[in-house]
Amino acid sequence: MAIDDKVIDIPESLPMLPVRDIVIFPYMILPLFVGREASIHAVEESLSRNRLIFLSSQKEITEENPSEESIYKTGTIAMIMRMRKLADGRVKILIQGVGKGKIKKFVKNSPHFEVEVDKIDESTLDNQNEEMPTADIDTLIRHAKEQLEKVIALGRMLSPDILLVLDDVSDPGRLADLIASHLNLKVADAQKVLETQDPISRLKLVNEILASELEVLQMQARIRNNAKDEMNKSQREYFLREQMRAIKNELGEQDSKSEEMDELREKLLNAGMPDEVQQEALKQLGRLERMHPDASEASMVRTYLDWLVDLPWKKETADSLDLHVAQEILNSDHYGLEKAKDRIMEFLAVRKLKNDMKGPILCFCGPPGVGKTSLGKSIAKSMGREYHRIALGGVKDEAEIRGHRRTYVGAMPGKIIQALKQVATRNPVIVLDEIDKLGSDFRGDPSAAMLEVLDPEQNATFRDNYLNVDFDLSKVLFIATANVLENIPPALRDRMELINITGYTENDKLFIAKEHLVKRQLDGNGVTAEQAKFTDDGLKFLISHYTREAGVRNLEREVGSVCRKIAKKVVMGEVEEVTVTSETVPDLLGAPRFLRDQKLKEDSVGIVTGLAWTQAGGETLFVEALKMKGKGGLVLTGQMGDVMKESATAALSYARAHSRELGIEDEWFENHQIHIHMPAGAIPKDGPSAGVTIASAIISLMTDVPVRKDIAMTGEVTLAGRVLPVGGIKEKALAALTSGIKTVIVPFQNQKDVSDIPEQFKKELKFVYVEHLDEVLQIALLKGKKAKTSTEESGEEETSITAA
């Protein structure tokens with residue numbers, strides 16, 4: 001039953017109930033649940049009086065105990081029509097709005113809010129709008145009702161009786177309040193409507209809110225219709241395709257998709273896959289047939305099946321098992337590298353005897369430019385196999401080896417599977433270039449993934465993440481290359497057969513230049529053999545004075561530079577031909593970049609010729625010892641490393657311990673200081689092989705006995721005087737020969753290494769094998785000969801020795 005506000009007498013003060021999450025409008029009937037103690041007290045106070053209560057919304061919904069400032073001043077005077085206490089302590093009341101009011105003053109706020117209210121009488125406001133034509137007011141009312149109808153038609157859930165109620169409402173203010181109370185507006189928006197006192201202005205505001213709500217609902221309806229149309233279109237296309245397929249089947253024709261699927265199935269069955277792989281492939285093909293062609297996953301499955309079809313599951317090339325032909329190909333492409341060539345010939349021999357052997361996993365380790373990668377290509381050529389190179393330098397992602405999982409966008413197999421697809425055979429030669437330069441980061445460790453690839457016991461069931469099926473890599477001949485063996489993880493190094501390629505000697509480089517480099521550079525620069533004639537003398541000078549490397553890359557560059565200089569002279573008409581000799585090379589390339597030490601010109605005290613190994617080959621190394629007035633001690637210069645310094649200390653300790661046998665006076669150590677120097681001080685030097693050289697220099701200095709000029713030595717010495725074996729014997733011996741020294745002292749245990757020296761050079765050298773330092777001194781020192789230079793200064797004898 002509606003209550004007429006005109007007959008209700010509003011007292012001066014009313015209990016106030018703060019409400020949350022809602023704004024109460026006049027003539028609105030709704031239930032409220034009251035739970036706060038102060039609010040329940042206000043309800044009880046109202047019931048004890050005249051059942052009137054003032055309802056005002058909180059500004060902050062979450063505030064449990066609102067203050068006077070957090071309550072809107074404009075609210076609604078309401079009557080409590082019914083009250084019921086609930087079991088949980090709350091109170092349920094049914095209220096009806098009577099009219100608007102505005103808080104004039106807060107009388108009290110405890111135990112509940114009591115406020116003085118000014119009632120807002122809208123009848124006086126109606127009189128102010130009498131100037132507005134009635135037709136305009138009716139239009140505004142009708143527009144509001146029409147918009148509300150549209151909002152309901154677009155799916156807004158409102159009370160079904162609202163339109164019937166609105167038909168009987170002709171007052172603009174009451175209509176605005178009624179519509180606003182049913183729209184579930186935000187508290188701030190609803191409060192704005194409540195505070196607008198002018199009925200016409202309030203109805204206009206409600207019309208604006210309805211227009212905004214209508215626009216949102218129309219947008220939602222358009223989105224729903226578009227999605228529905230798209231779905232209906234897809235269903236219609238699918239239905240028509242199925243009809244078309246049925247019609248073609250009746251006519252004895254087949255559609256293109258069926259033909260494509262049948263063709264793909266035939267390829268899968270003929271690819272030679274193992275049973276497990278074929279089963280997985282057919283399963284994926286069944287999924288593809290059931291998919292819509294435009295589905296995103298269809299293209300991914302199709303790509304996966306194409307990979308399975310293209311891989312060489314059974315395809316392999318027949319090995320060329322003629323060992324003589326293979327030997328000829330290897331020798332024509334590369335000079336030297338006998339160990340690597342012999343290993344390949346052994347593999348071919350075993351392959352001829354045993355048909356189902358696994359491919360070896362080799363690792364060629366050596367300095368840059370010695371032909372590791374090109375040797376892999378020659379091996380493939382000699383065996384009649386396909387060749388593929390995988391560059392591993394800088395690879396940091398494990399997925400580049402094992403592949404990405406198919407769940408990732410842009411997923412693809414790893415480098416190994418990609419290489420096999422490219423060569424289209426399952427037994428190629430794959431060169432894993434720069435395996436020592438594999439990196440690692442948060443994406444995984446590629447070297448750990450290589451463990452499975454390079455393990456002969458595991459790679460028969462290599463599983464790429466993309467394929468997710470096993471692939472047999474046991475037929476592949478893997479050849480890894482590396483510059484620094486220590487950079488390869490031990491577990492990975494253990495799985496490979498290491499073949500060290502130490503580098504080329506000067507004589508090797510001469511042969512390579514004559515047979516390969518000169519011809520290649522003459523052809524590359526357009527110069528004929530008649531216009532540029534390279535002599536052995538000129539090439540040797542070029543090798544020794546313009547290059548310092550283990551390989552031949554810089555040598556080829558220098559040969560190319562000579563060819564370009566000659567080409568320029570020929571084109572400008574300066575000469576018709578140039579003969580490249582040791583005299584003409586400096587004119588073409590400028591002054592020599594590297595100078596080699598020659599052998600000593602005379603026997604000297606404290607100066608010994610040692611032998612050293614570098615990545616560029618062997619070198620002669622002079623050790624100079626000098627004695628001077630002092631109280632003992634040892635001075636070492638020439639950028640010696642820690643190992644070399646320890647060798648010098650050990651040599652001095654040996655000399656002091658055996659001073660009587662060596663004929664050294666005891667006072668000598670107390671009155672003299674020793675200085676040992678190695679020329680070329682800018683170059684760091686280290687290693688144990690200078691031990692016998694330093695010991696010979698020190699003992700020569702102490703005994704004042706010269707060392708033979710025509711002898712060179714190498715070997716590690718211990719405190720007991722034993723001479724231990726060292727490395728690089730081949731390179732050191734050839735360096736001695738290049739310097740004109742024919743006698744070389746080497747440790748007895750290095751006899752096996754002398755066999756690596758080519759026979760033509762071995763004939764020119766005399767090797768003296770020693771086991772003890774006494775044997776070295778007996779051979780190297782000229783016992784019956786004294787030093788040529790000696791001076792007296794300040795009563796002390798001081799011998800100054802300089803390099804020849």
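This is a predicted model: local features need pLDDT of at least 70, side-chain atom pairs count only at pLDDT 80 or more; totals for chains, interfaces and linings use all residues.
Trainee: What makes the phi of R51 worth noting?

Mentor: Phi of R51 is near 70 degrees, which is a positive value in a residue other than glycine.

Trainee: Why is R51 called partly exposed?

Mentor: The relative accessibility of R51 is 32%. Buried means under 20% and exposed means over 50%, with partly exposed in between. R51 therefore counts as partly exposed.

Trainee: Which other residue has a positive phi, and where is that residue placed?

Mentor: D704 has a phi near 60 degrees, again a positive value in a residue other than glycine. D704 is placed in the loop between α25 (691-703) and β20 (711-713).

Trainee: Why is D704 called buried?

Mentor: Its relative accessibility is 16%, and buried means under 20%. D704 therefore counts as buried.

Trainee: What kind of peptide bond joins S110 and P111?

Mentor: The bond is cis, with omega at about 0 degrees. P111 lies in the loop between β5 (91-108) and β6 (113-120).

Trainee: How many disulfides does the structure hold?

Mentor: The structure holds zero disulfides. For C365, the nearest cysteine sulfur is that of C363, 5.9 Å away. A disulfide requires a pair of cysteine sulfur atoms within 2.5 Å, so C365 is in no disulfide.

Trainee: Are C365 and C563 buried or exposed?

Mentor: C365 has a relative accessibility of 7% and therefore counts as buried. C563 has a value of 0%, so C563 counts as buried too. The cut-off for this term is under 20%.

Trainee: How do the helices α11 and α13 pack?

Mentor: Helix α11 (residues 323-333) and helix α13 (residues 372-383) pack at an angle of about 155 degrees, and their axes are 8 Å apart.

Trainee: Why is α11 called roughly antiparallel to α13?

Mentor: Angles over 145 degrees count as roughly antiparallel. The angle here is about 155 degrees, and that makes α11 roughly antiparallel to α13.

Trainee: What is the handedness of the crossing, and which residues make the contact?

Mentor: The crossing of α11 and α13 is right-handed. On α11 the contact is made by A326, I329, L330 and D333, and on α13 by S378, I379, K381 and S382.

Trainee: How many residues of each class does this contact have?

Mentor: The contact of α11 with α13 has four nonpolar, two polar and two charged residues.

Technical notes. Residues are numbered from 1 along each chain as its sequence is written. Side-chain values use heavy atoms; hydrogens and water are left out. Buried means under 20% relative accessible area, exposed over 50%, partly exposed in between (1.4 Å probe, protein chains only). Axes are lines fitted to C-alpha atoms, for helices over the stretch in contact, and angles run from 0 to 180 degrees between N-to-C directions. Helices (H or I, at least four residues) and strands (E, at least two) are DSSP runs, numbered from the N terminus. Angles under 35 degrees count as roughly parallel, over 145 as roughly antiparallel, 65 to 115 as roughly perpendicular and the rest as oblique. A crossing is left-handed if the near helix is turned anticlockwise from the far one by less than a right angle, and right-handed if clockwise. Contact means heavy atoms within 4.5 Å. Ala, Val, Leu, Ile, Met, Phe, Trp, Tyr, Cys and Pro count as nonpolar, Asp, Glu, Lys and Arg as charged, and the others, Gly among them, as polar.
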